[in-house]
Amino acid sequence: MHARGSFMERIVLKLGMFETLMIAVIAIYFGEFLRKKIPLLKKYCLPAAVVGGTIFSIISLCLYSANVFELQFDYKTINQLFYCIFFAASGAAASLSLLKKGGKLVIIFAILAALLAALQNALALAIGKAFAINPLIALMTGSIPMTGGHGNAASFAPFAVDAGASAALEVALASATFGLISGCILGGPFGNFLIQRFHLQDSALDGKQNASDADIAASKTLVDKSNVLQAVFLMCLACGIGQILFLILKYFHIKFPIHVCCMFGGIVMRLMLDGQRSKNYDVLYESIDIVGEFSLALFVSMSIVSMRLWELSGLGLSLVVLLMAQVMLISIFCYFLTFRLLGKNYDAAVMAVGHIGFGLGAVPVSMTTMQTVCQKYRYSRLAFFVVPVIGGFLSNITNAIIITTFLDIAKNMI
């Protein structure tokens, strides 16, 4: 832990990697405590990591605003580790039958994700024009920070800055932070609403039971030390396979996110295990799910506790209107299109929750809100396969094309 600053300057308190990890765990415990004490949090599927992490980020904001000190976190390296392990575990959950079943839904979901990104940009430009906002600035509240998240905000905003919109980067990063918070808050209650509204609580009600007999048996089996250890080792191997795949693709100038490569590594491990038909790996698969859940909780908690909420303070009323319009758009879109076109069943409801998550800023938000919904009702292996493929990979490609097109449109509107 290091502090620096001088008289009349705000002190910057730098927290190391393990101090950040400790705070993330404390935030999770505190979130779980609040979920037990406040039934509404559990009823509307708000994740513990989100609840505790948000409260800590608000405390951080208060300390910053009071000019006490600014917290800075060293979390990127360890966060990437947990992120990749989680995606490897998601890949390991994809059996061959699931891969076959999910193929059609991946195509439909990819089209929906691209359509939403285009609508986000069109809405941003339309409202921006009504408020006489520079089109390039207005576009910084569209799919760049929403579907794209902080990564795309940092990547594409400089193009707008070069075109004369000097505040584009600040607006894009603040919008991405707003989207992250909105996705965390909206996803769980939205999923709970869909499941209750269409009576999808029991898998027998829609005639499409999501869990196989093997899944049910695994969920009722107590895991043991040897299987948990093997699960951790296998996910490390999967990440290694993912890294090799990443380097091979990079050699051929093919850009592929490392976490998606790790997901493919997990799929390889699952196919290898499923090929050994003489053995039953149900308990091992349950152990892998536990490793994935552990990794996701830590990743999300660290991501949220490190949020710089004071970046939102510079948003004017017109930009707040733009951002709230984005929240309304994605809610309507996921209710009337995503949920219905993906099957209008339990899996579709969970995937709609996932679409809200990465449609407002980040795949980890998708996964943690989906996970919380599934903890209340039942697991959706299909959703946990389809959503990462779209949100973690395909939407990045289509969104980049859409963003480039709308940046040209915005320049022509000036």
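Begin by selecting Cys239, which is buried, with a relative accessible area of 14% (buried means under 20% relative accessible area, exposed over 50%, and partly exposed in between, with a 1.4 Å probe and protein chains only). This is a predicted model, in which local features need pLDDT of at least 70 and side-chain atom pairs count only at pLDDT 80 or more, while totals for chains, interfaces and linings use all residues. Residues are numbered from 1 along each chain as its sequence is written, and side-chain values use heavy atoms, with hydrogens and water left out.

Stay with the cysteines and select Cys184, which counts as buried at 4% relative accessibility. The closest cysteine sulfur to that of Cys184 belongs to Cys45 and lies 14 Å away, which is too far for a bond, given that a disulfide is a pair of cysteine sulfur atoms within 2.5 Å. By this rule the count comes to zero disulfides. Cys239 is likewise in no disulfide, its nearest cysteine sulfur being that of Cys262, at 4.1 Å.

Next, select His199, found in the loop between α8 (168–197) and α9 (213–219), where helices are DSSP runs of H or I with at least four residues, numbered from the N terminus. His199 is exposed, with a relative accessible area of 53%.

Finish on α5, residues 96–130, whose 35 residues should span 51 Å at 1.5 Å a residue, in agreement with the 50 Å between its end C-alpha atoms; the expected span is 1.5 Å times one less than the number of residues. After α5 comes Ala132, with a positive phi near 55°.

Note on methods: Helices (H or I, at least four residues) and strands (E, at least two) are DSSP runs, numbered from the N terminus.
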